[in-house]
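Hi everyone, thanks for coming. Please have a look at what I'm putting on the screen, and then I'll walk you through it.

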Amino acid sequence: MEKKILLTGDRPTGPLHLGHYFGSLMNRKAMQDDYESYIMVADVQALTDNFNQPEKVRESVLEVAMDNIASGIDPKKSTLFIQSQIPQIAELTVFFSNLVTVNSLKRNPTVKAEIAEKRDIFGRDGESVTYGFLGYPVSQAADITIVRADIVPVGEDQLPMIEQTREIIERFHRIYETEIFPLPQAKLSSSPRILGLDGGAKMSKSLNNAIYLKDSPEETTEKLKAAKTDSGSTITFDPKTRPEISNLVTIYSLIHDQKPADAARELAGMTYSGFKAKLATDLNRYLAPVRAKRSELESKAHYVKEILEMGRIRTLEKAEETMKLVRAAMKINY
Ligand code: ATP
Ligand code: MG
């Protein structure tokens, strides 16, 4: 039987952090045996809000690729590729953009939240949001569809994007009287949203509130020491009323493969500072193999580039196959 197809990816806006690891990388790794897997470094999407920082995006491409491989993505099983190297994605984005209303993009809750967060770029009322940024969910629909993906392992913030993708596909099928794409499903991990160390709604590389996979053990310990907590003194798991301490308990439970409530019970007698020190030690031990592999890859950039080149060739073939179907359905196969 043919394998189902998986696509997921990360924006090269910086190195990957614990939110990625627990929110998406662990899932991808577990699924790569059973799915034909594509993992995209989304440089075109990163440029939608970083178009004036092309060096940052360029440097982060290898970082993101290395973080994926170090976390267990096996280049023999998964196809790792760079978004801008597949021009068919840009082509499909143009056709898909006819099938989405401007209003539905403005209503997308993730886009809305990001515009509010990025006041430094977009201004107080988002008055300088570009056409490209507002439209990135359309380009993301094309990313997913170009390989005809069935499943998309993501964090919670991506659910509106998958919903928008399904709507576009349904419209495409209805208007062009065809049925060439599967309707993709999001696959959430058991921890779809790790908060920032500042208590912010999401650990994010753009918000400087993250523990990166590549941080040194010392940096990790320092960051945890400074992580925001509340003025209480007991450790409990109450994400609604005590988000900061509960987030640290969640991280602890993930590395010990426990339920957060069980972890909180185990930790109940500790002080905040005692808990943070223990979490730092355990997290550093847990990440040690990933970090070792990561630093080995840093000295083998050519090897990482070869993997991306192989991925480019494999994805191009798939993408052109898809575009032949699209052009025929749209009657532009002259
Ligand atoms: P940026 O701030 O540039 O958007 P990011 O930290 O949000 O960066 P992305 O590259 O946008 O990272 O996200 C890649 C994948 O990781 C997505 O599936 C996203 O849902 C998931 N992810 C990102 N941050 C978290 C988090 N804090 N918790 C769980 N999953 C996350
Ligand atoms: Mg993001």
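I'll start with the whole chain and then turn to the ligand.

This is a predicted model, where local features need pLDDT of at least 70, side-chain atom pairs count only at pLDDT 80 or more, and totals for chains, interfaces and linings use all residues. Residues are numbered from 1 along each chain as its sequence is written, chains are lettered from A and ligands numbered from 1 in the order in which they are written, and side-chain values use heavy atoms, leaving out hydrogens and water.

The protein chain has 15 helices and 5 strands, which are DSSP runs numbered from the N terminus (helices: H or I, at least four residues; strands: E, at least two). Along its principal axes, the C-alpha trace of the protein chain spans about 70 × 45 × 40 Å.

Now, which residues come nearest to ligand 1? Out of 20 around it (a heavy atom within 4 Å), they are Thr13, Asp157, Lys202, Ser204 and Ser206. Helix H1 (18-31) and strand S1 (4-10) each give this shell at least two residues, and H1 has the largest share, with 3 residues.

A backbone N or O atom of Arg11 is 2.8 Å from an oxygen atom of ligand 1. For Gly155, a polar backbone atom lies 2.9 Å from a ligand 1 oxygen atom. Met203 has a backbone N or O atom 2.9 Å from a nitrogen atom of ligand 1. Taken alone, ligand 1 exposes 600 Å², and the protein buries 96% of that (Shrake-Rupley method, 1.4 Å probe).

Key: A polar contact is a pair of N or O atoms within 3.5 Å; within protein, one must be able to donate a hydrogen and the other to accept it, and residues adjacent in sequence count only if both atoms are side-chain atoms.
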